Amino acid sequence: MSDSNENGTPQMREIFGLTLAEMGEEHEDILVVDADLHTSTRIAHFKEKFPQRFIQVGIAEQNLFGIAAGLALAGFTPFPCTFASFVSRKAVDQFALSICFPALNVKVPGSYVGLPTSKAGASHNSFEDIAYMRTIPNLRVAAPGDPADMRAVMKTAYETEGPVYFRVVRYSLPDIFKSDHTFEWGKGELLKKGTDVTLFGTGMMTDRCIKAAKLLEAEGIDAEVVHLASIKPIDQDLIIDSVTRTGCAVTAENASIIAGFGAAVAEILVEHYPVPMKRIGVQDQWIDSGEIEELFAHYRMQPEDIAAAAKQAIAMKKGRK
Amino acid sequence: MQLNSEQIAFLEDRAYQIRRLSLEMITCGEWGHPGGSLSMAEIMAVLYFHVLRVDPKRPDWPERDRFILSKAHSSPALYAALALRGFFPVDDLYCYCQLNGLEGHTDMRRTVGLESSGGSLGMGLSIAVGLAWGLRLREIPKVRVYCVIGDGESTAGNIWEAAMSAAHYHLDNLITIMDYNKVMAKGFVWEEMGIEPVRQKWEAFGWDVLEIDGHDIQEIAGSSYKARWVLPRGKPIIIIAHTVKGRGVEDTEFNYKWHTQHPTPQEADAMLRELSIRCGKPEEGYSRYHE
């Protein structure tokens, strides 16, 4: 398994798989349900340890979520695992109606989110899942930004009664948080204070916001960086507090900007504290096959693109004065 | 296991009451699906008053049987059975489809006795499969999971994903009953999307299959006994219950126009009078006709 980047950091899917297997030791009620992807999603780690608590449904995602609903009704905490594009495109009715409507205790990792899917192309690149998931009542949505954040999100997801959807990226990310990091629903993290612009990141894009802030710093621009792993509920107070100080914003997500994370931030700003803002993410396009870094450049989701958007937002702010 | 005439008379009366209350609540709520509710009245009567090990005083009893209604548009028949069984007052049925009352399809968080939420067709059997798998892991061998599916929703792929997996997992604690009432929302099943040969399909998917007259109390009870106590041998079991959509009132029988349509109070009054006479009961119209 080619799991790590050049620095030897495991991919987030690997962190997820290992953490799930660890949680399985502590919590006997955890069952893992697979749709023929366990080595890709890394729930193979759980399968090796707990074959009796691992259920294979075949390539049948609608059945995957129906079965998960039934297992929750029997008092278990199921983790039905598949690619995010299949959660939101193939089985969202089963997920929404059978699980989220009755608020069943099911934890859904959406794997292979966004651009990094090993050249799979449009069918496997999920860009719409944030938009779908955050409209479903009773559902909480998260996108962890580093290994410690993944472990913290999973711990909190388990401890939270009711359905949870969290994003798992097939990508390695550097450490942002210390190993004792905790995650709380509706709470963001102020990673770097700044005065000129706020860069709001979620999931893997927070790392790129940090890098963008460094690029901006070299140009004398003082950017604030906020990580919002909890997309729903979202930290309204932190969002408003930050832009009150900086006066403009950029959002960055490894997903479509339409109705997704940037839209969630925009909704809050428009209703409570309108400021100029720009959104970085997939721009109403299907995602092509290609080398992963090549894709990030092609879809303009690099730190340089975030920095450029930040300068545009600052210019809009100054133009208003 | 043969029922005696007293038991049959009792269950037939329950089926009559389920039909009657279904029509009353659909009329009162001004929305609903009479056809599919009327076709499964005997099935619900036998399940809730003869087969299911449930206790209205302990709706969360861990060792209770579980009932999943996949064809959740027929919720009136289920609500009526639950109310008659004592899960909630019969008067509550008259809040059907009213804000904060009984949900048009099924909402398990709102109505005591419901084991799942549904309404989008084809989805309930998967829930039943998960439940049966989970209860087997919990080693509660006495418990059975019952699931009523429709013939119309058997055109949905999700049903067959669930069917394949139930056999793969050897879930012989799962008993599915198909309310094969021959009519779907806009016409006869054979016209809309043919599902035959139904028996052979389920057999080919690895299920044990029983086929009955779904309005015959003795046959429903007999097949349920067989499914629960005689057949289990590592295969899930389906009872194909041949029924008449809209059974009980001449105008609604095999009439797709009464799949989704609520009668006016005047129509309901005539329907209920016809039903009562046909069932050998004192003539009785719509209870809220003059309100």
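**Helix α6 of chain B**

Guide: Buried residues in α6(B) are B:N158, B:I159, B:E161, B:A162, B:A163, B:S165, B:A166 and B:A167. This is a predicted model, where local features need pLDDT of at least 70, side-chain atom pairs count only at pLDDT 80 or more, and totals for chains, interfaces and linings use all residues. Residues are numbered from 1 along each chain as its sequence is written, while chains are lettered from A and ligands numbered from 1 in the order in which they are written.

Visitor: What do the buried residues of α6(B) pack against?
Guide: They pack against α4 (61-73) of chain A, and also against α5 (124-137), β2 (145-150), β3 (174-180) and α8 (198-204) of chain B. Helices (H or I, at least four residues) and strands (E, at least two) are DSSP runs, numbered from the N terminus.

Visitor: How do you know that the span of α6(B) agrees with its 12 residues?
Guide: The expected span is 1.5 Å times one less than the number of residues. For residues 157-168 that should be 16 Å, and the end C-alpha atoms are 17 Å apart, which agrees. After α6(B) comes B:H170, with a positive phi near 55°.

**A buried residue in chain A**

Visitor: Why is A:N254 called buried?
Guide: A residue is buried if 20 or more other C-beta atoms lie within 10 Å of its own, exposed if 12 or fewer, and partly exposed in between, with C-beta atoms placed from the backbone. A:N254 has 30 other C-beta atoms within 10 Å, so it is buried. A:N254 sits in strand β11 (residues 249-256) of chain A.

Visitor: Leaving aside neighbours within four places in sequence, which residues is A:N254 in contact with?
Guide: Among them are A:V113, A:G114, A:L115 and A:V169. Contact means that the C-beta atoms, placed from the backbone, lie within 7 Å.

Visitor: Why are α1(B) and α4(B) called oblique to each other?
Guide: Angles under 35 degrees count as roughly parallel, over 145 as roughly antiparallel, 65 to 115 as roughly perpendicular and the rest as oblique. The axes of α1 (residues 5-29) and α4 (residues 75-85) of chain B cross at roughly 120° and come within 8 Å. The two helices are therefore oblique. Axes are lines fitted to C-alpha atoms, for helices over the stretch in contact, and angles run from 0 to 180 degrees between N-to-C directions.

How values were computed: Two residues are in contact if their C-beta atoms, placed from the backbone, lie within 7 Å.
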